[in-house]
Amino acid sequence: MELGKYNTLEILRDTSVGLYLGDSEGNDVLLPNKYVPENFEIGDMLTVFCYLDYDERPVATTLKPHIVRNDFNLLRVAEVNNFGAFMEWGLEKHLLVPFREQRTKMVDGQWYVVYCYLDEQTDRLVASNKLDKFLDNDNLTVKNGNEVNLIFTRKTDLGWEVILNNLHKGLVYSNEVFKDISIGDKQIGYVKSIRPDNKIDISLQPLGHLSLEPFANLIYRKIQEEGGFLNLHDKSNPDDIKAKLQMSKKAFKKAVGTLYRERKIEIKEDGIYII
């Protein structure tokens, strides 16, 4: 039985306060009445999330938290008091971010990307906004060109800092972002380059020839949505292309060339037409 994670446990007994569930090692935990399923039998297996209640006792719930142990996610501050910031994470008891784990002082009502972990000294689940110490770029598990899962964490002068695959830190340069991004956004990205110091540059678009088909399909669908005509061409302003298609002008021209060679479009002075 692990705190902060989903556990599949056996129903041991039914009591006035709820069901007691147990694991194979003889540990048991209470599932309060309000979370007990309508139909059950002793011996059934239930998947529940385990954490500490207000009295610091292990308790089970069928609610689904917004974050689990050893994971990153975007959470909202519900309250700030003398102990730290308490985050809403979908459970009755809020998740504490102690002051020592705040990169900057957290503000009530604001959203932050945090990491949830088990504090070994107190045996409590807590969260941290000091993300870098939970990321490892010394032992990389990715290579150039790999597709990765991204979480956007912070905007800097260079671009957006991202977490990739919940393991490493990367950067998307500002001049390669062609759509609106917010802290906590998640999407697929691609490892563009790994520098000698193991810093990772990330692209939001597929690399090389892999980018042509997705971009070409995106443009073709957009033309269809616009009724068969798109008022963009190779002399269009890059900002207009970015606003309408969320891609660079270079990517746009390559993709349009692909569609033209496949005889799917006709290019005229006022824009692009579907054939």
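Strand 9 (residues 111-119) and strand 10 run antiparallel and are paired through 5 bridges. Here strands are DSSP runs of E with at least two residues, helices are runs of H or I with at least four, and both are numbered from the N terminus. Two strands count as paired if DSSP finds at least two bridges between them. Within this pair, Tyr115 has Ser128 of strand 10 as its bridge partner. The two strands form a hairpin with 4 residues between them, and there Asp123 takes a positive phi near 60 degrees.

Is strand 10 enclosed or open to the outside? Strand 10 (residues 124-128) has 4 of its 5 residues buried, so it is largely enclosed by the rest of the structure. Buried means under 20% relative accessible area, exposed means over 50%, and partly exposed lies in between, with a 1.4 Å probe and protein chains only.

## About the model

This is a predicted model, in which local features need pLDDT of at least 70 and side-chain atom pairs count only at pLDDT 80 or more, while totals for chains, interfaces and linings use all residues. Residues are numbered from 1 along each chain as its sequence is written, and side-chain values use heavy atoms, with hydrogens and water left out.

## The whole protein

Let us step back to the overall picture. The protein contains 3 helices and 18 strands. Its C-alpha trace spans about 75 × 45 × 35 Å along the principal axes. The radius of gyration is 25 Å, whereas a compact globule of 275 residues would have one near 19 Å. This radius is taken over C-alpha atoms, and the globule rule is 2.2 Å times the number of residues to the power 0.38.

Of the 275 residues, 42% are buried. The accessible surface is about 15600 Å², and carbon and sulfur atoms account for 46% of that; the areas come from the Shrake-Rupley method with a 1.4 Å probe, and for residues only the protein chains shown count as cover. Taking contacts between residues at least 6 apart in sequence, 53% join residues at least 24 apart, where contact means heavy atoms within 4.5 Å.

## Strands 11, 12 and 13

Strand 12 (residues 159-164) has a partner on each end of its stretch of chain: strand 11 (residues 147-155) is joined to it antiparallel by 5 bridges, and strand 13 (residues 168-173) pairs with it antiparallel over 6 bridges.

Strand 11 and strand 12 have 3 residues between them, and Arg154 stands opposite Glu161 of strand 12. Strand 12 and strand 13 also have 3 residues between them, and Asn165 in that turn has a positive phi of about 55 degrees. Val162 has Gly170 in strand 13 as its bridge partner.

An open sheet of 3 strands is arranged in the order 16-18-17 with antiparallel pairing. Strand 16 (229-230) and strand 17 are its edge strands, each pairing on one side only. Strand 17 and strand 18 (residues 271-274) run antiparallel and are joined by 4 bridges. Ile265 stands opposite Ile274 of strand 18.

## Positive phi in two loops

Most residues other than glycine have a negative phi. Asn70, in the loop between strand 5 (58-61) and strand 6 (71-81), has a positive phi near 65 degrees. Arg263 sits in the loop between helix 3 (249-261) and strand 17 (265-268), and its phi is positive too, at about 60 degrees.

How exposed is Arg263? Arg263 has a relative accessible area of 71%, so it counts as exposed. Asn70, with 40%, is partly exposed.

Thr15 lies in the loop between strand 1 (6-14) and strand 2 (18-22) and is partly exposed at 26% relative accessibility. Which residues does Thr15 touch, leaving aside its neighbours within four places in sequence? They are Tyr20 and Asn33.

Asp138 belongs to the loop between strand 10 and strand 11 and is exposed, with a relative accessible area of 67%. Its C-alpha atom is separated by 9.3 Å from that of Lys199, although the two are 61 residues apart along the chain.
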